[in-house]
Amino acid sequence: MMNIGVAGTGYVGLVTGVCLAEVGHRVTCLDVSEEKIQLLKSGQSPIYEPGLDDMLQKNIREERLHFTTDRTEAYQNKDMIFIAVGTPEGENGQADLSFVKKVAVEIADTITNDTIVITKSTVPVGTNEMVEDIIRSRTNHTAHAVSNPEFLREGNAIHDAFHGDRIVIGGNYEPAVEKVAALYTPFDIPVVQTDTKSAELIKYASNAFLATKISFINEIANICEFTGANVEAVAKGMGLDKRIGTQFLKAGIGFGGSCFPKDTKALTSMSAEAGYEFRMLNAVLEVNELQHNKLMDKANEYSAIQKGTKAAVLGLAFKPNTDDTRESPAIRIIEELKHKGAEIIAYDPIATDKMKAVFPDLTYTDSLEEALNGAEAAFIITDWAQIKEQAPAFFTSHMKRPLIFDGRNCFDPGDMLDGGVHYHSIGRSGNSFRMTMST
Ligand code: UDX
């Protein structure tokens, strides 16, 4: 059992703290927001994440998990302190490290014993060394810095923490790395031990590679539209080659969220600063920008949206099973629809509150039926189960004009056509798609 402090109770910090408590460590999580800490102390999570509330409550009850706004409580007498504060997009796309630096200073000024400081936040190459330097310059206690990037996906965070593909631990002082590796023994996940800088880059390289896969398949989808091929068949045929892999080949309206857009920009900016132009990543970002506008391009082709057209935006979260709307393609669609003077109604089962912060004056609903009633066009942005499970008749019976632009390929085009829906999706011809495969 180790005594652990965690700075920051966002997605990464909270999930890390809860899961380390779950395997038996004693964890104190710190945040500057009094409101957030009060909520967490009462066993409620400020973020929507399946399974998190139960695990949070259990570990509070069993007294392994504590929340505080007091730095002394979080940092003193700890074997390890995790830094899990945000690294938002700064000017020119580079990661803004002001929160990380602030925490490093506060750790240095608070600790009363030697400790290990582990950075979970996604940080540019060299940041862990900077953290170590900051601490060394302010205290005589030793604090070895270890990089331990986080790979969890929103909506699957608890599952990923216990069933991740790998744990990456980077440090320049071997005993500290070993100690952090021992912390994770109960998770039984392969550990990659390396130097600090490589660990920092593994995180950016992984996210950038996944983003590249998405932009690649979106470009293939665009070629499919020009040539009459079907992107789902192409992705399947490609993905069965184990060197390529089936995952992250789902064509759509482009990636969003708090990680891919920010981390790809940060990596291009980090490369430029180091004197290297990462040409391919610039293209990945450009393709994604264009893809966010794909549904509006299609709607424009059909002159589907005029002033006063009643348009339903179906899904506001950047992906299903999360209420996170950061960098969601819905934002661009709503801006375009507003610009055209459409009468917009926005649906999401859980993310409407988050989108209200971006568009306070929009009409929102958590009822799919209400969103579609009388609509003359619908734009599917998030592949929520609530949307995917509907039959074509659901749309024809509620909409005034059953015209659907689907950015997530939720339906079979043939079924929609047969059901009387004017259906437009990504990278698929209007014909029914039937693919067979012998095993
Ligand atoms: C991602 C990484 O997966 C995770 O390892 C990292 O720690 C944080 O960033 P997350 O942002 O939660 O996780 O979402 P993810 O499930 O990876 O999806 C990202 C975006 O890509 C979503 O907008 C999703 O809709 C899109 N996507 C994903 C596609 O368009 N096609 C795909 O095939 C996969």
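**Exercise 1: an aromatic pair and its burial**

Classify Phe255 as buried or exposed from its relative accessible area.

Solution. The model is a predicted one. Phe255 has a relative accessible area of 5%. Buried means under 20%, so Phe255 is buried.

Next, determine which class of aromatic pair Phe255 and Phe260 form.

Solution. A pair of aromatic rings is described by the distance of the centres and the angle of the planes. The structure holds eight aromatic pairs. For Phe255 and Phe260, the centres are 5.9 Å apart and the planes make an angle of 85°. Planes over 60 degrees apart count as edge-to-face, and the Phe255 and Phe260 pair is accordingly edge-to-face. Phe260, at 12% relative accessibility, counts as buried.

**Exercise 2: a pair across the chain**

Solution. Step one is geometry: the centres lie 6.2 Å apart with 80° between the planes, which is an edge-to-face arrangement. Step two is location: Phe411 belongs to the loop between β13 (403-406) and α19 (413-418), while Tyr423 is in strand β14 (residues 422-424). The two residues are 12 residues apart, and their pair links distant parts of the chain. Step three is burial: Phe411 has 7% relative accessibility and counts as buried; Tyr423, with a relative accessible area of 11%, is buried.

**Exercise 3: cluster and charge**

State which residues form one aromatic cluster, and where the charged end of Arg166 sits.

Solution. The cluster consists of Phe394, Phe395, Phe411 and Tyr423. The charged end of Arg166 sits over the ring of Phe151, 3.6 Å from the ring centre.

How values were computed:
Residues are numbered from 1 along each chain as its sequence is written. This is a predicted model: local features need pLDDT of at least 70, side-chain atom pairs count only at pLDDT 80 or more; totals for chains, interfaces and linings use all residues. Side-chain values use heavy atoms; hydrogens and water are left out. Rings of Phe, Tyr and Trp (its six-membered ring) pair if their centres lie within 6.5 Å; planes under 30 degrees apart count as stacked, over 60 as edge-to-face and the rest as tilted. Buried means under 20% relative accessible area, exposed over 50%, partly exposed in between (1.4 Å probe, protein chains only). Helices (H or I, at least four residues) and strands (E, at least two) are DSSP runs, numbered from the N terminus. A charge sits over a ring if NZ of Lys or CZ of Arg is within 6 Å of the ring centre and within 35 degrees of the ring normal.
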